[in-house]
Structures are given as C-alpha cells and as structure tokens.
Amino acid sequence: MPLIPVYAEEQLGASVVWSGTALLINTGVTSITSPAIGWINDKVGAARLLAPASLFLPVVYVCLGPLPLISFITPSKTQVMVALALLGASIPMNSIPLLPIALKVYEIRNKSPAPPPVAKFLVAMFCCSFPTGLFIGSQVSGFIAPYVTFGWSTGALGLICCLQSILCVAYCYKLL
C-alpha cells in the first residue's frame with residue numbers, strides 16, 4: 001500500500017490527489033462492507049466465510065499490480081482503482097472470521113471455552129496484527145522498491161497470501 005502513490009505517479013501518470021482518492025475509496029469500501037461482512041459471518045459461520053474469502057484476497061493482490069505474468073490485465077488507473085476497492089472488501093472478509101475461529105480453536109484444543117484473560121489476549125493480538133502488518137509491510141516496501149517492480153511485489157504478496165490461505169483454511173476445516 002505505501003508504494004501505490006509512487007507506482008501510480010511513475011507508471012500511470014496519476015497525481016497525488018488521484019492516489020489519495022484511490023486509497024480513500026479502499027478505506028471507504030472497508031468501512032462500508034465490514035458491518036455487512038460481520039452479519040454474513042454471524043449467519044453462515046466463520047469457517048464458511050473464510051474459505052471463499054481466503055481465495056478472493058490473493059486474487060485481488062495478484063491483480064493489483066498486476067503480476068507481469070498476467071498479460072490479459074493492462075495496468076491502468078481504472079484497474080488499480082477497482083483492485084483497491086475489491087481489496088477494501090476482501091480485507092474484512094478475511095479478518096472478521098479469524099477471531100471467532102481463534103476462540104473456537106482454543107475451545108477445541110483445551111476442551112473448554114477460553115477464560116477471560118486468554119480471550120482478551122486473543123482479541124488484543126487480533127487488533128494489533130493489522131497495524132503491525134502495515135508497519136512491517138511499509139518497511140519491506142521501502143527496502144524492495146528499488147529492486148522489484150510494483151507488479152512483481154504485489155503479485156508475490158498475492159502468491160504468498162494464496163499459500164497462507166490454503167494452509168489456514170485446511171487447518172481450520174481440520175479443527176472445525
């Protein structure tokens with residue numbers, strides 16, 4: 001995310017205002033879709049929501065750059081804007097089910113619900129994971145920017161996320 005303004009300016013000729021608007025749309029979609037995704041999570045269950053969401057997020061990351069191996073997607077302002085909007089929806093689709101799953105995993109492994117201190121610890125870890133990821137991602141982006149194009153970096157992130165998603169969904173379905 002931190003390299004999107006640089007990428008948009010250098011590769012697409014976009015202005016700083018356009019980049020800010022694109023990131024605003026990303027955040028706005030996250031804010032608008034989160035309550036609906038929470039409702040869906042309550043209705044269908046966390047594990048059932050996580051499986052399709054885990055496949056959707058890597059696809060969005062691969063298309064954000066887009067990964068240079070994908071020749072049918074041409075980098076453009078519209079493509080980046082649509083990918084950022086979809087990313088805004090896919091982040092809560094992946095993060096909202098994780099806390100109920102973490103509490104359920106604890107309950108299955110320990111044969112009892114999580115006591116309040118453990119539940120509070122899991123909530124705290126869940127709440128700090130996204131800002132920590134943003135911090136680490138910003139640092140890594142700064143280091144790799146001179147060596148790797150935006151398409152390859154977002155594509156690699158998408159492929160890593162895909163592997164992580166497959167492992168996470170397999171683990172959750174094994175336990176649940």
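Patches, in this talk, are made of residues with over 30% relative accessible area and no salt bridge; like charges are joined within 9 Å, and nonpolar side chains (Val, Leu, Ile, Met, Phe, Trp, Tyr) within 5 Å. A salt bridge is a side-chain nitrogen of Lys or Arg within 4 Å of a carboxyl oxygen of Asp or Glu. Accessible areas come from the Shrake-Rupley method with a 1.4 Å probe, and for residues only the protein chains shown count as cover.

Now the ground rules. This is a predicted model, where local features need pLDDT of at least 70, side-chain atom pairs count only at pLDDT 80 or more, and totals for chains, interfaces and linings use all residues. Residues are numbered from 1 along each chain as its sequence is written, and side-chain values use heavy atoms, with hydrogens and water left out.

Let's start on the surface. Which residues form the nonpolar patch? They are Leu69, Phe135, Ile136, Val140, Phe143, Ile144, Tyr147, Val148 and Trp152. Together they have about 990 Å² of accessible area. Helix 6, residues 116-144, gives the most to this patch: five residues. Helices here are DSSP runs (H or I, at least four residues; strands are E, at least two), numbered from the N terminus.

Stay on helix 6. Phenylalanine 135 sits there. Its relative accessibility is 53%, so phenylalanine 135 counts as exposed. The cut-offs: buried is under 20% relative accessible area, exposed is over 50%, and partly exposed is in between, with a 1.4 Å probe and protein chains only.

Glycine 133 is also placed in helix 6. Glycine 133 counts as partly exposed because its relative accessibility is 39%. Leucine 167 is 34 residues from glycine 133 in sequence, and their C-alpha atoms are 19 Å apart in space.

Valine 118 is another helix 6 residue. At 24% relative accessibility, valine 118 counts as partly exposed. Tyrosine 106 is 12 residues from valine 118 along the chain, with 9.1 Å between the C-alpha atoms.

Next, the loop between helix 5 (98-110) and helix 6. Lysine 111 is found in that loop. Most residues other than glycine have a negative phi. Phi of lysine 111 is near 60 degrees, a positive value in a residue other than glycine. Lysine 111 is exposed, with a relative accessible area of 74%.

Arginine 109 belongs to helix 5. Arginine 109 is exposed too, at 54% relative accessible area. From arginine 109 to asparagine 94 is 15 residues along the chain, and 22 Å between C-alpha atoms.

Now go inside. In soluble globular proteins, nonpolar side chains tend to be buried together. A nonpolar core is a set of buried Ala, Val, Leu, Ile, Met, Phe, Trp, Tyr and Cys residues joined through side-chain atoms within 4.5 Å. The largest one here has 19 residues. Those with the most contacts inside it are Trp18, Leu57, Tyr61, Leu64, Val80, Leu84 and Leu87. Which elements give two or more residues to this core? Helix 1 (4-12), helix 2 (16-44), helix 3 (46-64), helix 4 (77-95) and helix 7 (150-175) do. Helix 4 gives the most, with six residues.

Take tryptophan 18, in helix 2. Tryptophan 18 is buried, with a relative accessible area of 16%. Not counting residues up to four places away in sequence, tryptophan 18 touches Ala8, Lys77, Val80 and Met81. Contact means heavy atoms within 4.5 Å. Lysine 77 is 59 residues from tryptophan 18 in sequence, yet 8.8 Å away in space, C-alpha to C-alpha.

Last stop, helix 4. Is serine 90 buried or exposed? Serine 90 is buried, with a relative accessible area of 0%. Serine 90 lies in helix 4. Setting aside residues up to four places away in sequence, serine 90 touches Phe56, Leu57 and Val60.

Asparagine 94 is in helix 4 as well. Its relative accessibility is 11%, so asparagine 94 counts as buried. Beyond neighbours within four places in sequence, asparagine 94 is in contact with Leu50, Ala53, Ser54 and Leu57. The side chain of asparagine 94 reaches the backbone oxygen of alanine 53 at 3.0 Å.

Notes: A polar contact is a pair of N or O atoms within 3.5 Å; within protein, one must be able to donate a hydrogen and the other to accept it, and residues adjacent in sequence count only if both atoms are side-chain atoms.
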